[in-house]
Protein chains: 2
Amino acid sequence: MTRTRFHQGLEELKHKLLAMGGMAEKAVDTAVDAYRRRDLKLCQQVFQGEKAINAIEREIDELALDLLAMQQPMAVDLRFITAVMKINADLERVGDQAVNIAERVINIVKLPPAELPVDVPRMAATVAGMVRRALESFLEEKAELAEAVLKLDDIVDRMDDEFYAVLVNKMHQQPEITDQALDVLLISRNLERVADHATNIAEDVIFWVRGADIRHNANHAASD
Amino acid sequence: MTRTRFHQGLEELKHKLLAMGGMAEKAVDTAVDAYRRRDLKLCQQVFQGEKAINAIEREIDELALDLLAMQQPMAVDLRFITAVMKINADLERVGDQAVNIAERVINIVKLPPAELPVDVPRMAATVAGMVRRALESFLEEKAELAEAVLKLDDIVDRMDDEFYAVLVNKMHQQPEITDQALDVLLISRNLERVADHATNIAEDVIFWVRGADIRHNANHAASD
């Protein structure tokens, strides 16, 4: 195996990871669209999409293992490839969260519509942006962008807290829509988990970029 | 670096992962004890423990990277080391769930006690057993044990569904304890997430063990 062949493999790995990120982000968008439109067909799309996400997850893992086995990788490539494997696992779980949201939507559609003053699509847009930026920070090796993702996570946590307060209040005022409020509360939790996965990715990027620095800069420990 | 040195490193890696598994499991136990006893001191122990878990997570990652860099690992060692890195990430998130439970407990203790007919400690014991078995299946390379973890996950999912039904029913009957019921519902979700991490580990083990077979047994694809 030549060095060129190895570098082609790395490029392919990046390309696949980017594709997977797009699929995971789309899954979340579709699930939230399903919520917004009370559309069961969109739920089915999310379930179909999960299979494709699982398949590409395995492809990425296998390619990463092949690259690790191909030749003695340099430390910097080693860190890159193992970071890809971790990010890959997080993206797959973003897809799982989209499935959880879609399952909640199936439940919601059975219940009478309820007016709930929380902006789920706004939270979803923030969260999807975190996933996109986390992946971008990785592929462009930008630790600052990864730091921005960590800040967005605080915003999402605050939204989740706010939704929680609003929805519990609603349950107290109108106990008859407790079930609907609970479903939305759990969707909010699912979105918060997606944000956690984006945060995990961002932390891996920071660790990876700084880890690469360690070689030049002996005492630079990764923070957590 | 000699082959012997490499194998010592692998043993150390196993040893550390086992220690981490014990810490993660203890974190869940302690958090659930905190719930059972309404004990804020135990919550603090969980928060302290999380720092130790994060520290050992980094140690395991660094050791794994050192081993990968040390010499051209054989395919079987490569899969082992990368599986350790994935399992490591899951165990760290088990610790995060324990922290989430402890945070919920801090909330619960502020509220008047409420009689809620769900057996959280039983669910927690099942879930902690899953984590322990998943790790055991990895260290002993037993795919059957990993399969057993997947079955337990179905049981935990059913418990979670049952808790959900019971708690929502309780909210309808006694709206004044909605907050307490909701806290317990979310603890149940956190435990279910721990079970998901154990399931992820078990799936990695099955993939790893069967992946190792591929070399002997060409067409044996890993299932998902």
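Residues are numbered from 1 along each chain as its sequence is written, and chains are lettered from A, and ligands numbered from 1, in the order in which they are written. Because the model is predicted, local features need pLDDT of at least 70 and side-chain atom pairs count only at pLDDT 80 or more, while totals for chains, interfaces and linings use all residues; side-chain values use heavy atoms, with hydrogens and water left out.

Helices (H or I, at least four residues) are DSSP runs numbered from the N terminus. Helix α1 of chain B, residues 3-37, has 35 residues and reaches 51 Å from its first C-alpha to its last. This is close to the 51 Å expected, where the expected span is 1.5 Å times one less than the number of residues. Just after α1(B), Arg38(B) takes a positive phi of about 50°. In chain A, helix α4 (residues 120-139) has 20 residues and reaches 29 Å, close to the expected 28 Å. Of its 20 residues, 14 are buried, that is, under 20% relative accessible area (1.4 Å probe, protein chains only).

In chain B, the axes of α3 (residues 75-110) and α4 (residues 120-139) come within 12 Å and cross at roughly 170°. Axes are lines fitted to C-alpha atoms over the stretch in contact, and angles run from 0 to 180 degrees between N-to-C directions. The helices α3(B) and α4(B) are therefore roughly antiparallel, a term for angles over 145 degrees. Phe80(B), Ala83(B), Val84(B), Ile87(B) and Leu91(B) of α3(B) make the contact with Val131(B), Leu135(B) and Phe138(B) of α4(B), contact meaning heavy atoms within 4.5 Å. By class, this contact has 8 nonpolar, no polar and no charged residues.

The largest nonpolar core contains 160 residues, a core being a set of buried Ala, Val, Leu, Ile, Met, Phe, Trp, Tyr and Cys residues joined through side-chain atoms within 4.5 Å. Phe138(A), Leu191(A), Phe138(B) and Leu191(B) touch the most other members. Beyond its neighbours within four places in sequence, Leu191(B) is in contact with residues including Val28(B), Ile101(B) and Met123(B).

Asn190(A) is found in helix α6 (residues 178-214) of chain A and is buried, with a relative accessible area of 9%. Not counting residues up to four places away in sequence, Asn190(A) touches Gln97(A), Asn100(A), Ile101(A) and Arg104(A).

How values were computed:
Helices (H or I, at least four residues) and strands (E, at least two) are DSSP runs, numbered from the N terminus. Buried means under 20% relative accessible area, exposed over 50%, partly exposed in between (1.4 Å probe, protein chains only). Angles under 35 degrees count as roughly parallel, over 145 as roughly antiparallel, 65 to 115 as roughly perpendicular and the rest as oblique. Ala, Val, Leu, Ile, Met, Phe, Trp, Tyr, Cys and Pro count as nonpolar, Asp, Glu, Lys and Arg as charged, and the others, Gly among them, as polar.
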